[in-house]
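Please walk me through this model.

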Amino acid sequence: MSSSVAVIDYGMGNLHSVAKALEHTGCVDKIFVTHDPAQILAADRVVLPGVGAIRDCMGEILRLGMDQVINEVVLNKPFIGVCVGMQALMSSSEENGGTACLGILPGEVRFFGDNLVDPDSDAALKVPHMGWNQVHQEIDHPLWSGIEQDARFYFVHSYYVSPTDSTYLAGSTRHGVAFAAALAHENIFAAQFHPEKSQHVGLQLYANFLKWDGNG
Amino acid sequence: MALAKRIIPCLDVRDGRVVKGVQFVDIRDAGDPVEIARRYDAEGADEITFLDITASSDDRETMVHVVEQVASQVFIPLTVGGGIRKVEDIRRMLNAGADKVGINTAAVFNPEFVKEAAEKFGSQCIVVAIDAKKVSAEGEKNRWEIFTHGGRKPTGLDAIEWAKKMVDYGAGEILLTSMDRDGTKIGFDLELTRAISDAVHVPVIASGGVGNLDHLVDGVTRGHAEAVLAASIFHFGEYTIQEAKQRMADAGIEVRL
C-alpha cells in the first residue's frame, strides 16, 4: 500500500525544503504540497511548515480555511508542525502585538527580547536564536528514535513556545531561557527547529515521522 | 548547553563554477558548486553561502539551477548573495531552495528594500551584507565606511550606524566583510568585527582575511562574531571544516562536531 504525506501550502515558507527533505528520506511514496482540503484530508500524514511572521501565517491559514482542515486532521492523523507551524498550534503569540493562534495545544508564544542575556555568564545573547543548538529529549518518543540525546538541530526564530502543560514537553533547549524545542501530544508533534535544515538528524526525525502510526 | 558558533564556507560562483578572487582581481577556478557543497556538508559545515558574482542577469538563471541542485542534496541552511535587487529576486532564490538571501548594494541605494523584504519574507531570511573599509587615520578613533562595487566606491556611510539601521529595518543577520582584509589571509579586522557585533542584537558573520584556523578562533573570541565565513582556506584543501571545528573546540568555543 502506498503512503502519502501532505505539506500544507498556505503561501508561507520553506515548503520546497520540507518536501525535498521528506522525499530524500525515501520513506514516503507521494508528497503533496497543497492547500486543497480534500487532498490534505486524504493524506496519511500532514506537515504544517511555516516561516515569517505569525500574523501573516495565521492570516493566510484563516483566509484559505486551513484552520478547519487542521482542526480535523489533528484529531487522528500523524501531524507535525514546524517552526511557525508549531507556534500556530498554540493558544496565542506575543508577536505582532498579540496574535490569536489555533489553540490546538495550550500555551503561549513569547519574544526572547532585544536584550537577552545568558543568566549564567551575563553575556549578551543574539536574537534571532539562529544556528545549531542542543535539544534535550524530555520523553521517549517514536520521533526521537535513532537520534542521540542532546543532538544539535538548526533553529532560526525570535519567538519561542512556552507550553501551559509541561506533560506536552518532548524536547527542550536553552537560549537565555529554557523553551520548548518540541512538543508531543497523542498524534501531534511540533518542532521549533527545522528538521529539513538539520542534516542527518533532521532527516532521521522526518523518516521517523513518516513511519509513525501516531501513537506516542 | 548553548548555541554553537557556526563555520560557513563561502562559494563565489561565476557562470556556474566556484571561483575565488584575491581582492576581487585574480580569479582562480576551484570547481563544481554542487560537488563542493556536498563535500562541505559531509565535513560538517553549519551553513553554506553562495555569492553570485555573475555579471549579467541572463547568467543569474544558472545560479538558480545551482541552488536547486544543491538544495535537493544538501540539508543545511543555504544563503545566496549577489545581484539581489528586487523582491522577485528573493522569491526566485527562496523558491529554488535558498533559506536566506544576502542584500548588499541594493540596501545602500535603497534601504527601504530591506524593510520591504523583511516584511514580505521575514527577518530570518534577510542577511544584509556590509563591505566596510577603515577610513580613520593612524592615531585617530577607529572609523569604518561602507563601500560598494567590490570596495571601489565609498558611500560616506559609517559602518556601525549603517549596521544598526539595517537591523532596525529588519535584517535578521549581518554578513560583515572587511575590504581591507579580504583575500589577504592575515585575519579578520577584529576591531571592526567587535564594534559591529557589540552594536547590534542580531548575529554577525565575520568575513574577509582568513588565512589559518586561529583566525577563525579570533573572530569568535576577540571579534565576538556568532559565525565565521571563509572561502579559499577550504577550497584549496589547506584545511577541512572538521579541522577548523576541532581547533575552535580546543579553544573552548561551542561548536557542532
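In chain B, the axes of helix 6 (residues 159-168) and helix 7 (residues 190-199) come within 9 Å and cross at roughly 35 degrees. The crossing of these two chain B helices is right-handed. Helix 6 of chain B brings B:Ala159, B:Ile160, B:Ala163 and B:Lys164 to the contact. Helix 7 of chain B brings B:Ala195, B:Ile196 and B:Ala199. By class, that contact has six nonpolar residues, one charged residue and no polar ones. Keep in mind that this is a predicted model.

Next, the cavity. The structure holds one cavity of 30 Å³ or more. The volume of the largest cavity is about 50 Å³. Which residues line the largest cavity? They are B:Ile8, B:Glu47, B:Thr49, B:Thr79, B:Lys100, B:Val127, B:Glu173, B:Leu175, B:Ile205 and B:Leu229. The charged residues of the lining include B:Glu47, B:Lys100 and B:Glu173.

Now turn to chain A. A:Ser4 sits in strand 1 (residues 4-8) of chain A. Is A:Ser4 buried or exposed? Its relative accessibility is 11%, so A:Ser4 counts as buried. The cut-off for buried is under 20%. Setting aside residues up to four places away in sequence, A:Ser4 touches A:Val28, A:Lys30, A:Phe32, A:Ala42, A:Ala43, A:Asp44 and A:Arg45.

Where is A:Ala123 found? It is in the loop between strand 7 (107-111) and strand 8 (129-134) of chain A. A:Ala123 has 35% relative accessibility and therefore counts as partly exposed. Beyond its neighbours within four places in sequence, A:Ala123 is in contact with A:Leu116, A:Val117 and A:Asp118.

The last stop is another loop residue. A:His194 lies between strand 14 (188-191) and helix 6 (199-211) of chain A. A:His194 is buried, because its relative accessible area is 4% and buried means under 20%. What does A:His194 touch, not counting residues up to four places away in sequence? The contacts are A:Asn14, A:Gly50, A:Val51, A:Val82, A:Cys83, A:Tyr154 and A:Val156.

Technical notes
Residues are numbered from 1 along each chain as its sequence is written. Chains are lettered from A and ligands numbered from 1 in the order in which they are written. This is a predicted model: local features need pLDDT of at least 70, side-chain atom pairs count only at pLDDT 80 or more; totals for chains, interfaces and linings use all residues. Side-chain values use heavy atoms; hydrogens and water are left out. On a 1 Å grid over the protein atoms alone, a cavity is a set of points where a 1.4 Å probe fits but cannot get out, and a pocket is an open set with protein on both sides within 12 Å along at least five of seven lines; lining residues have an atom within 4 Å of a point. Grid points are joined across faces, edges and corners, and a volume is the space filled by probe spheres set on the points. Helices (H or I, at least four residues) and strands (E, at least two) are DSSP runs, numbered from the N terminus. Buried means under 20% relative accessible area, exposed over 50%, partly exposed in between (1.4 Å probe, protein chains only). Contact means heavy atoms within 4.5 Å. Axes are lines fitted to C-alpha atoms, for helices over the stretch in contact, and angles run from 0 to 180 degrees between N-to-C directions. A crossing is left-handed if the near helix is turned anticlockwise from the far one by less than a right angle, and right-handed if clockwise.
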